[in-house]
Amino acid sequence: MSNFTVKVIDFMDRLGRLKKNLRTRGLDALLVTQPQNRHYLSGFRAGDMNINESSGALLIPRRGRPLLMTDFRYQLEAEAEAAGFEVLVYKRGLLDLLEKILAGKGIKRLAFESHYFLHQTAAKLVNLAKKLEIEPVPATGLVERLRLCKSPAEIEKIRAAVLLNEQVFQEVFQTLRAGMSERQVAIRIETLMREKGADAPAFETIVAGGPNGAKPHAVPSERLLGKGEPIVMDMGLVLDGYCSDMTRTVVLGEMDETSRDIFRLVRAAQLAGIKMIRPGVTGAEVDRAARRIIAGAGYGKRFGHGLGHGVGLAVHEGPGLSPRYKRKLKAGMVVTVEPGIYLPGWGGVRLENMVAVTEGGCEVLNTDTTFLEL
Ligand code: ZN
Ligand code: ZN
C-alpha cells in the first residue's frame with residue numbers, strides 16, 4: 001500500500017469518528033481553528049503565527065465534503081496537503097467567507113472550538129449566526145479527544161522523533177564541557193535538530209546548570225556550566241509532524257553524594273510511575289505512585305508539577321499524569337514520565353522519558369540511559 005493510500009484512509013477514519021460524535025451531540029458542523037486539530041483532520045500542516053493570526057479553519061459538516069478555508073499565503077500547501085478537502089481562499093477574512101458558505105447549507109447548530117477562538121472573533125461569529133438563524137455552540141476537546149489514542153502508524157512517527165532527539169542529545173552530550181554557556185549548548189542542540197532532519201524544535205530547549213536548574217522552565221542564560229553541578233537539559237523536536245520530549249540531568253566531573261541520592265530518588269520515582277502505567281489506571285494514580293517516593297524522602301514540596309503529559313502532534317496534550325487527571329489511560333496513549341526535585345540555590349534534577357500505553361501495560365520509547373543508572 002502506498003503512503004498516500006494509508007494517509008487518505010487515516011484521515012477518512014478520523015473524520016468518520018468526528019462526524020459520529022457530532023451526530024451524538026446533535027451538532028450539524030464543527031468549525032476547527034486549533035492548529036493541531038486542523039492538521040490531524042485534514043493533513044494541512046501550517047501552524048498559526050499567533051492565535052490572532054490564523055492560517056485557516058476547517059468546516060466539517062455532518063454530511064458532505066469538508067472545507068478548508070485559508071488565505072493566499074497558504075493556498076498551495078492547503079491544496080497539496082489536505083486531500084479530500086475543498087480549499088477555499090478568503091480575501092476579507094474567515095467570517096466574511098463563512099457567511100457566504102453557511103447561507104443555505106442547512107446548518108442549524110454550528111460548534112466552534114471555544115478553547116481556541118479569540119473572544120472578539122467569537123462575538124462576530126455569534127452576530128453572524130444570529131443573522132443566519134444558526135445556533136453557535138461552544139465546544140471544547142471534540143478533536144483533542146480523538147487525538148488521545150494514537151494509531152500504530154502515529155506511534156512509529158513518535159518513536160522516530162524520540163530516537164532522533166536522543167541522537168542529538170548524545171552528540172551534544174559527548175562534547176559538553178565546563179565553561180560552555182547554557183545558551184551555547186541550547187543553540188547547538190537546536191541547530192543539530194535541524195541538521196538531522198527535524199521540522200523544528202518542539203519547544204525552546206532548556207539548558208539550566210546549577211541554581212538555574214531549580215526553575216523547571218528555566219531560559220538558557222549566558223551562565224557558564226560548572227563541574228559537579230546538575231545540568232538540566234530538556235529538549236524535544238518535531239519530526240514529520242510528531243513531537244518528542246526528553247529531559248536528562250547530567251553532571252560534568254565528579255558527582256557528590258547529595259546529588260547521587262537525589263538522582264536515584266528521581267529515577268526511582270520515574271520507574272514507579274512507569275510501572276503503574278497500563279490501560280484502566282487513571283493519570284492521578286500514576287502520578288501518585290511516583291510522587292509517593294519523592295514525598296516519602298521529604299521532598300514532596302520540591303516536586304511542584306505534574307508527573308507527565310501526553311505527546312503527539314502537540315508537545316503538550318492529553319492525557320495528563322497529574323493529581324487532577326481522573327480519567328483512565330487507554331492503549332495507544334503516549335505520555336511523558338518526568339518527576340523532578342528542585343532545590344532553590346542548589347539546582348534541579350528532572351528525568352523525562354516517553355512511554356506508550358499498550359494493551360498489556362506500557363512500552364518505554366526512549367533507549368538513552370545517560371545518568372539514569374547510578
Ligand atoms: Zn520536557
Ligand atoms: Zn515534558
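Donors here are N, O and S atoms within 2.8 Å of the metal (3.2 Å for Na, K and Ca), and with water not among the atoms, sites may look incomplete. On that basis, the zinc ion (ligand 1) picks up Asp234 (OD), Asp234 (OD), Asp245 (OD) and Glu352 (OE) as its protein donors, at 2.0 to 2.6 Å. This is a predicted model, in which local features need pLDDT of at least 70 and side-chain atom pairs count only at pLDDT 80 or more, while totals for chains, interfaces and linings use all residues; side-chain values use heavy atoms, leaving out hydrogens and water. Residues are numbered from 1 along each chain as its sequence is written, with chains lettered from A and ligands numbered from 1 in the order in which they are written.

As for confidence, pLDDT (the predictor's confidence in each residue, from 0 to 100) averages 96 over the chain, and 98% of the residues reach 70 or more.

Back at the zinc ion (ligand 1), the four donor atoms subtend angles of 55 to 148°, so the arrangement is irregular. That label is what remains when four donors are neither tetrahedral (all angles between 85 and 135 degrees) nor square planar, and six are not octahedral (for both of these, opposite donors over 155 degrees apart and all others between 65 and 115). The donor residues run D-x10-D-x106-E in sequence. Distant parts of the chain are linked here: Asp234 sits in strand β9 (residues 230-235) and Glu352 in the loop between β17 (347-350) and β18 (353-358), 118 residues apart. Both Asp234 and Glu352 are buried, meaning under 20% relative accessible area, against over 50% for exposed and in between for partly exposed (1.4 Å probe, protein chains only).

The zinc ion (ligand 2) is held by Asp245 (OD), His309 (NE2), Glu338 (OE) and Glu352 (OE), at 2.1 to 2.2 Å. Its four donor atoms subtend angles of 79 to 157°, which makes this arrangement irregular as well. Along the chain the spacing reads D-x63-H-x28-E-x13-E. His309, in strand β13 (residues 308-310), and Glu352, in the loop between β17 and β18, are 43 residues apart, and both are buried. The two zinc ions lie 3.1 Å apart, with Asp245 coordinating both.

Technical notes. Helices (H or I, at least four residues) and strands (E, at least two) are DSSP runs, numbered from the N terminus.
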